[in-house]
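The model is a predicted one.

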Amino acid sequence: MAQSALLNASILKKVAMALSGIFLITFLALHVSLNFISIISENVFNEASHFMGYNPLIQYVMQPVLAIGVIFHFVMGFVLTAQNTAARPIAYAKYNGAANASWSSRNMIISGLVILAFLGLHFYDFWFPEVNYKYIAGAAPDATRYYGELVHKFNDPIRTGIYCVSFVLLGFHLWHGFGSSLQSVGMNNKYSRFLSKIGYGFAVIVPALFVIIALFHHFNQHN
């Protein structure tokens with residue numbers, strides 16, 4: 001009975017982890033779409049960013065929900081990793097990880113930690129200055145400032161390189177995480193193979209677009 005309860009609790013944790021991952025995947029799709037506009041049109045990017053930055057629904061509902069989702073996802077990742085490690089305290093005498101699972105699936109915690117560190121840098125670069133501008137300094141709204149602030153962050157080649165490496169590791173994280181999330185919420189049916197292909201495509205395309213955005217704004221300043 002106790003073992004069954006533990007199993008059910010473990011399944012619930014995996015489902016909760018998967019749902020938070022799917023939620024964050026949706027956010028990534030929206031985020032890369034907005035940022036990619038900066039390559040196409042400075043004015044449209046400024047307008048879209050200004051709308052996002054001052055829309056009450058986004059600022060006071062969606063943004064806190066996103067923050068909670070990020071924290072929950074990473075906490076659950078650490079909890080499940082610790083749980084899996086404790087379940088197998090004795091390592092297999094002969095275990096070839098590469099033969100049994102992909103690098104991305106075996107190193108989700110590593111890619112996750114790098115992404116977490118990257119989020120800290122991202123908050124430092126964009127979120128904290130935004131909070132300071134609007135709520136601490138109390139500066140007047142300026143719908144033309146967003147493009148310049150974005151481009152300025154990619155002037156430094158080291159910072160641009162850190163962003164690009166982080167995006168690559170995000171791709172590895174998504175490569176396993178997208179399909180794993182779908183399986184955890186029970187999407188194991190005749191559409192599984194199709195959904196897996198979509199997941200692999202997402203894991204390649206979205207990080208690649210982020211890399212393109214970073215490199216475009218870096219090299220566009222150094223021509």
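Q: Which residue just after H6 takes a positive phi, and of about what value?
A: Helix H6 covers residues 108-136, and the residue in question follows just after this helix. Its phi is positive, at about 65°, and the residue is Gly-138.

Q: At which residue does helix H6 bend, and by about how much?
A: The helix comprises residues 108-136, and its bend is placed at Phe-123. The angle there is about 45°.

Q: Is Phe-118 buried or exposed?
A: Phe-118, in helix H6, forms an aromatic pair with Phe-167, with 5.4 Å centre to centre and 70° between the planes. Buried means under 20% relative accessible area. Because the relative accessible area of Phe-118 is 12%, this residue is buried.

Q: Which helix gives the most residues to the lining of the second largest pocket?
A: The second largest pocket has a volume of about 160 Å³, and among the residues closest to its centre are Trp-175 and Tyr-200. Two elements give two or more residues to the lining, namely helix H8 (157-184) and helix H9 (192-220). The one that gives the most, with six residues, is H8.

Notes: Residues numbered from 1 in each chain as written. Predicted model: local features only at pLDDT ≥ 70, side-chain atom pairs only at ≥ 80, totals over all residues. Heavy atoms only, no water. 1 Å grid on protein atoms, 1.4 Å probe; cavity = no way out; pocket = protein on both sides within 12 Å on 5 of 7 lines; lining within 4 Å. Points joined across faces, edges and corners; volume = space filled by probe spheres on them. Helix = DSSP H or I, 4+ residues; strand = E, 2+ residues; numbered from the N terminus. Bend = angle between axes of the 7 residues up to and from the residue. Phe/Tyr/Trp six-rings, centres within 6.5 Å; stacked < 30°, edge-to-face > 60°. Buried < 20%, exposed > 50% of the residue type's maximum accessible area, 1.4 Å probe, protein only.
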